[in-house]
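Look at the charged side chains in the structure below. The text then goes through some of the contacts between them.

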Amino acid sequence: MIVLKTPKEIEIMREAGRLVARVLRVLEAEAAPGVTTADLDRLAERLITEAGAVPAFKGYRGFPATICTSINEQVVHGIPGPRVLRKGELLSIDVGVRYGGYYGDASVTFAVGGRADRRASRLMEAGKGALAAGIEKAVPGGRLSDISHAIQSFAEGRGFSVVRDYVGHGIGQAMHEDPQVPNYGPPGQGPLLKPGMVLAIEPMVNEGDYAVTCLKDGWTVVTVDRKRSVHYEHTVAVTEDGPLILTLP
Ligand code: MG
């Protein structure tokens with residue numbers, strides 16, 4: 001069942017989303033070479049709790065940290081720890097909060113120290129573009145898989161692949177609500193998009209093949225070919241006026 005949100009609820013979700021965006025911006029600025037992913041996690045937890053919100057991932061099915069930090073071939077759900085960041089590595093940070101009873105969820109990937117090689121830059125552009133293409137289809141009257149198809153077309157059009165095994169999701173008073181939002185598939189299928197739907201749209205775009213596997217820690221998802229991956233996510237409301245990105249500063 002897809003839960004539609006009222007404009008008032010969407011306003012609260014926008015506050016949650018603003019906090020997510022702010023935390024991501026600070027973390028990206030702090031993620032310099034020599035910093036550990038645990039350092040970033042501690043900072044995120046402090047920023048979220050000081051804002052009167054709750055880290056959404058911590059304790060979720062036993063996840064041990066506030067944020068997910070996924071480096072290079074790691075796709076999603078990397079666990080922060082003593083790992084030191086090195087210049088030029090691709091770091092994906094996923095932040096989720098609960099605020100005022102509602103969730104916000106977003107992710108960005110960037111090069112540590114701002115130095116990406118040419119192929120990494122192209123991969124990141126493909127990921128960002130795929131997310132933007134998907135968001136553009138989050139309009140009333142469209143079908144859910146229009147979003148999926150736009151994402152896949154954009155990423156594959158740039159010569160990259162989209163992960164199949166992990167998908168976006170509805171979001172609201174629960175972090176994961178219906179519907180699932182795949183990042184691939186033909187257009188024109190699935191539920192009709194209506195004002196009040198709120199979706200976490202989150203393409204994972206791989207440099208090589210789309211196949212992924214989970215490490216023995218039970219969380220970290222990596223590409224099977226160990227080539228790099230990027231992950232961009234926004235929480236987006238479908239409104240009469242078009243897509244409204246809630247996870248912006
Ligand atoms: Mg998500």
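Asp117, Arg119, Glu207 and Arg228 are linked in a network of salt bridges. A salt bridge here is a side-chain nitrogen of Lys or Arg within 4 Å of a carboxyl oxygen of Asp or Glu. The model is predicted, and local features need pLDDT of at least 70, side-chain atom pairs count only at pLDDT 80 or more, while totals for chains, interfaces and linings use all residues. Residues are numbered from 1 along each chain as its sequence is written, and side-chain values use heavy atoms, with hydrogens and water left out.

How buried or exposed are the two partners? Arg119 is partly exposed at 36% relative accessibility, and Glu207 is buried at 12%. Buried means under 20% relative accessible area, exposed over 50%, and partly exposed in between (1.4 Å probe, protein chains only).

Two other salt bridges can be described in the same way. Arg86 and Glu89 meet through their side chains at 3.4 Å, N to O; Glu89 is buried, with 7% relative accessibility. Glu156 pairs with Arg164, with the closest N and O atoms 3.9 Å apart. Here Glu156 is partly exposed at 36%, and Arg164 is partly exposed at 21%. Across the whole structure, a search finds 13 salt bridges.
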